[in-house]
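Open your viewer and get ready to select.

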Amino acid sequence: MVKVAENVYAVMGLFHPLGVNAGFIVTSDGVVVVDSGWTVDSALTILGYAKAASRGKSVKYLIWTEHHSDHIFGSCVFAREGARIIAHRNAVLFLKDIGGIKNYVEFMKEKMKNESKGFSVADVVFEGVEEVEPDIVVESERVLEVGNTEILLIPLPGHTPSNMVVYLPQHRVLFSGDAIYSKYPPNTRFSTRKLIEEWIKGLEKLLELKTDVIVPGHGPLCGKSEIERNLRYLKSLLSAK
């Protein structure tokens with residue numbers, strides 16, 4: 001756990017092949033968690049840190065920065081705590097298409113089994129993952145006020161259609177999810193040309209925000225220079241096509 005601003009914490013390098021980041025915000029009215037990690041154990045780690053830092057405050061919300069498994073498979077831990085889940089509409093549509101999180105787990109198990117030539121650690125890794133559904137659906141920019149804290153939810157499709165960033169204007173902190181990769185090339189495996197164009201426009205808007213610390217989806221904490229690096233990379237992809 002890293003304290004990145006007053007009452008704002010990042011939980012870095014949770015279990016995942018490339019290490020996934022999450023975090024939480026302690027407000028006067030409870031805790032807001034950003035992403036749940038890839039496993040139930042990762043989510044329990046985040047929850048433990050949040051309970052310690054907040055002196056036992058309840059978790060009010062869990063925000064998904066996208067629909068990929070490394071950001072949402074631990075969600076049941078927070079749902080059991082009474083947290084309401086906030087997600088982009090495209091994340092909801094993805095889960096509907098795949099048949100819910102339990103089917104998503106089975107899809108990932110098969111995928112990992114195929115990639116490892118018959119053996120999969122996924123049966124152990126995803127043990128305890130339970131079905132959850134988002135409670136609040138976001139399609140456009142939205143302000144979430146929790147106690148004394150203003151949280152800005154900004155859809156930023158690109159890496160996937162469901163990406164969303166979480167900006168804290170009072171703290172000048174941005175939880176970017178996979179909209180920004182720190183030290184890694186942006187992952188465009190799931191993108192189209194149109195999505196990359198939207199991604200670029202979104203990152204250019206993020207440069208206008210007053211931000212001191214960025215918690216990326218993967219990689220170390222960073223600043224706006226990583227937005228610029230990601231932009232250069234994405235623009236180079238478009239110019240090469």
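Select β8, β9, β10, β11 and β12. In this predicted model, these 5 strands form an open sheet, in the order β8-β9-β10-β11-β12. Their pairing is mixed. Strands of a sheet pair through backbone hydrogen bonds, either parallel or antiparallel.

Now look at the edges. β8 (142–146) and β12 (213–218) stand there, each with a single partner strand, so one side of each has no neighbour in the sheet. From one strand to the next, the twist averages 25 degrees.

Next, select β11, residues 173–181. How many bridges join β11 to β12? There are 5, and the two strands run parallel. Pick Y181 and look across to β12: the bridge partner is H218.

Time for the spaces. Rolling a probe the size of a water molecule over the atoms shows where empty space is left. A search of the whole structure finds 1 cavity of 30 Å³ or more. About 40 Å³ of space lies in the largest cavity. To find the spot, select the lining residues, among them N21, D35, T65, F175 and V215. β3 (20–27), β11 and β12 each supply at least two residues of this lining. By class, the lining has 5 nonpolar, 5 polar and 1 charged residues.

Move to the largest pocket, which holds about 540 Å³ of space. Of its 24 lining residues, the closest to the centre are H16, M108, K111, R189 and F190. α2 (69–72), α5 (101–115) and β11 each give two or more residues to the lining. Which element gives the most? Select α5: it gives 6 residues. The lining divides into 12 nonpolar, 7 polar and 5 charged residues.

Last stop: the second largest pocket, with about 260 Å³ of space. Go back to α7, which gives the most to this lining, with 5 residues. β9 (149–155) also supplies at least two. Select the lining residues, including E141, L152, E198, K201 and L209. By class, this lining has 7 nonpolar, 1 polar and 4 charged residues.

Note on methods: Residues are numbered from 1 along each chain as its sequence is written. This is a predicted model: local features need pLDDT of at least 70, side-chain atom pairs count only at pLDDT 80 or more; totals for chains, interfaces and linings use all residues. Side-chain values use heavy atoms; hydrogens and water are left out. Two strands pair if DSSP finds at least two bridges between them. Helices (H or I, at least four residues) and strands (E, at least two) are DSSP runs, numbered from the N terminus. Axes are lines fitted to C-alpha atoms, for helices over the stretch in contact, and angles run from 0 to 180 degrees between N-to-C directions. On a 1 Å grid over the protein atoms alone, a cavity is a set of points where a 1.4 Å probe fits but cannot get out, and a pocket is an open set with protein on both sides within 12 Å along at least five of seven lines; lining residues have an atom within 4 Å of a point. Grid points are joined across faces, edges and corners, and a volume is the space filled by probe spheres set on the points. Ala, Val, Leu, Ile, Met, Phe, Trp, Tyr, Cys and Pro count as nonpolar, Asp, Glu, Lys and Arg as charged, and the others, Gly among them, as polar.
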